[in-house]
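Please look over the complex shown here, with attention to how its chains meet. The report after it is meant for a reader who is new to this structure.

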2 protein chains.
Amino acid sequence: MQTIPLYQFLDELASAAPTPGGGGAAAIMGAMGAALISMVANLTIGKKGYELVEAEMKSQLAESEALRAQLTDMVADDVGAFNQLMTAYRMPKETDEQKAVRHEAVQAGLKQATRVPLNCAKTCAAVIRVAQRSAEHGNLNVISDAGAGVLALQAALRSAALNVYMNTPFIKDPEFVTSVLEELNALMTEYLPQTEAVYAKVRSRMG
Amino acid sequence: MQTIPLYQFLDELASAAPTPGGGGAAAIMGAMGAALISMVANLTIGKKGYELVEAEMKSQLAESEALRAQLTDMVADDVGAFNQLMTAYRMPKETDEQKAVRHEAVQAGLKQATRVPLNCAKTCAAVIRVAQRSAEHGNLNVISDAGAGVLALQAALRSAALNVYMNTPFIKDPEFVTSVLEELNALMTEYLPQTEAVYAKVRSRMG
């Protein structure tokens with residue numbers, strides 16, 4: 001997926017093929033957010049007037065690049081989870097035994113299709129923490145890029161959450177569902193306001 | 001730019017090269033939003049239970065695909081505007097005549113670097129109008145993709161606005177600046193609440 005041309009990724013996203021879809025788009029938006037935070041660090045390191053934040057920017061860059069690699073890989077995880085679920089849905093359901101085996105496979109598929117976007121949401125939250133430092137200390141000439149980055153991360157986090165909410169109603173394991181939703185809601189409660197705080201910081205530094 | 005592999009676009013976004021940056025990212029996020037709205041239409045057309053909205057979905061698809069093509073092209077427009085501005089900044093400024101010529105070129109470059117993201121914001125707004133109908137009538141099985149689409153469009157619209165706000169303080173033509181900011185603020189006032197309304201519609205249809 002990562003090696004296809006950009007226009008082809010967009011064409012495949014638009015097509016009737018079910019993947020890539022919202023889950024893959026969330027991962028790529030998160031990766032774009034991380035890339036923009038990396039760009040701000042790259043354009044702050046070595047610049048006159050930013051000597052005092054150079055070490056901090058190098059540490060930010062290492063973090064945002066590691067998180068970007070994870071988010072880019074999640075496009076493939078999303079396709080894998082979708083295919084696993086589709087394979088389960090297509091299993092035979094003639095006999096009671098087949099029905100039972102299929103039910104287990106579908107449930108396992110739904111759980112995986114929930115874990116992948118939850119992981120995407122967690123990784124976006126980690127980039128948002130880096131973005132906060134980027135907006136505070138990054139080069140003023142490219143500070144709007146930190147703003148665009150955090151907006152991409154906000155959209156990615158909320159889109160990943162939608163992909164969790166899409167699957168949880170079908171999962172017959174209340175403990176799993178409760179645990180996933182508690183974790184996701186804690187992320188949303190903490191990090192969505194933080195994205196707006198980072199955006200406000202960017203706007204205030206733009207003068 | 002469109003023909004480079006997806007991972008390379010992300011690498012270039014993250015790099016110290018100034019383009020692609022937040023402006024190009026805004027255009028690509030807008031294109032991703034349009035692609036997801038197209039996907040919902042593609043996965044609604046011809047599906048059982050959605051016969052009554054088939055004509056509407058075909059019209060949505062034509063609109064979102066045309067707007068997606070425009071947004072994808074804007075990545076190149078953003079690079080072009082940046083290069084024009086950099087060329088102007090690098091012009092000689094030894095004599096008074098050179099200074100005057102350079103000033104005019106810089107001002108023309110700044111105006112172009114403002115028009116491109118304003119156009120991106122306008123195009124995102126047009127896709128948001130389509131997204132509203134998509135969220136209301138699209139296939140319930142893929143309704144979270146309409147949600148991810150409108151979140152991408154929201155981030156794209158706000159990121160494009162940041163790119164306008166970055167340039168306007170340096171433009172010495174108050175009439176141009178007032179006109180651009182009035183148009184942009186009108187778009188933000190109308191369409192940002194609409195993205196939240198579309199998101200709320202998606203959530204309500206997810207049950």
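What follows describes the interface and then the charges placed over rings.

This is a predicted model, in which local features need pLDDT of at least 70 and side-chain atom pairs count only at pLDDT 80 or more, while totals for chains, interfaces and linings use all residues. Residues are numbered from 1 along each chain as its sequence is written, chains are lettered from A in the order in which they are written, and side-chain values use heavy atoms, without hydrogens and water.

Chain A gives 55 residues and chain B gives 55 residues to the contact, where contact means heavy atoms within 4.5 Å. The two chains bury about 4,500 Å² between them, with 70% of it on carbon and sulfur atoms; buried area is the accessible area (1.4 Å probe) that two parts lose on being put together, summed over both.

Four salt bridges are counted between chain A and chain B, a salt bridge being a side-chain nitrogen of Lys or Arg within 4 Å of a carboxyl oxygen of Asp or Glu. B:Arg158 and A:Glu196 form a salt bridge, with their closest N and O atoms 2.9 Å apart.

Two charged side chains sit over rings (NZ of Lys or CZ of Arg within 6 Å of the ring centre and within 35 degrees of the ring normal), as the table sets out.

| Charged residue | Ring | Distance from ring centre |
|---|---|---|
| A:Arg203 | B:Tyr165 | 4.0 Å |
| B:Lys111 | B:Phe176 | 5.1 Å |
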